[in-house]
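Thank you for coming; I would like to take a few minutes to go through one model with you, beginning with the terms we need. Please have the view open as I speak.

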Amino acid sequence: MDLNNMNDEQILEFISQNLEKKRLSKKVSSEELANKGGHVSQTYSNFINKNTNIRVVTLVQILRGLGELEKLQNIIEFKEPFSPLGNNSELPKRIRSSDKKTTDRPKWGDE
């Protein structure tokens with residue numbers, strides 16, 4: 001499944017369907033999931049059945065209830081590539097967009 005070719009609603013539906021499959025495979029009731037995760041079971045039900053949007057914190061709570069919180073960490077954690085030579089460069093503190101307007105302008109006195 002290529003998420004790049006899907007709109008936001010289709011991606012939400014894809015996520016909700018896969019969370020529901022995971023819940024069923026673990027044989028966890030939606031009430032049990034809500035108790036373990038700390039969210040309202042109706043919120044989960046609306047997300048699964050009506051594809052309503054949920055907050056990120058609710059997604060975290062659902063993953064916690066499923067015992068799958070480490071999967072979120074795998075998605076968002078940035079790990080620098082390892083170099084045995086030790087030339088791991090630091091990431092830049094700030095990235096500036098290139099300003100083509102200033103480079104295309106003639107410099108003072110060059111008009």
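When I say helix, I mean a DSSP run of H or I with at least four residues, and helices are numbered from the N terminus. Please keep in mind that this is a predicted model, in which local features need pLDDT of at least 70 and side-chain atom pairs count only at pLDDT 80 or more, while totals for chains, interfaces and linings use all residues. Residues are numbered from 1 along each chain as its sequence is written, and side-chain values use heavy atoms, with hydrogens and water left out.

Let me start with helix H4, which spans 56-66. Its buried residues, meaning those under 20% relative accessible area with a 1.4 Å probe and protein chains only, are Thr58, Gln61, Ile62, Leu63, Gly65 and Leu66. These buried residues pack against H1, helix H2 (30-37), H3 and H5, where contact means heavy atoms within 4.5 Å. Just after H4, Gly67 takes a positive phi of about 75°.

Next, the core. A nonpolar core is a set of buried Ala, Val, Leu, Ile, Met, Phe, Trp, Tyr and Cys residues joined through side-chain atoms within 4.5 Å, and the largest one here has 10 residues, including Leu19, Val28, Tyr44, Phe47, Ile62 and Leu66. Helix H3 (41-50) and H4 each supply at least two residues of this core. As for Val28, leaving aside residues up to four places away in sequence, Val28 touches Arg23 and Leu33.

Methods. Buried < 20%, exposed > 50% of the residue type's maximum accessible area, 1.4 Å probe, protein only.
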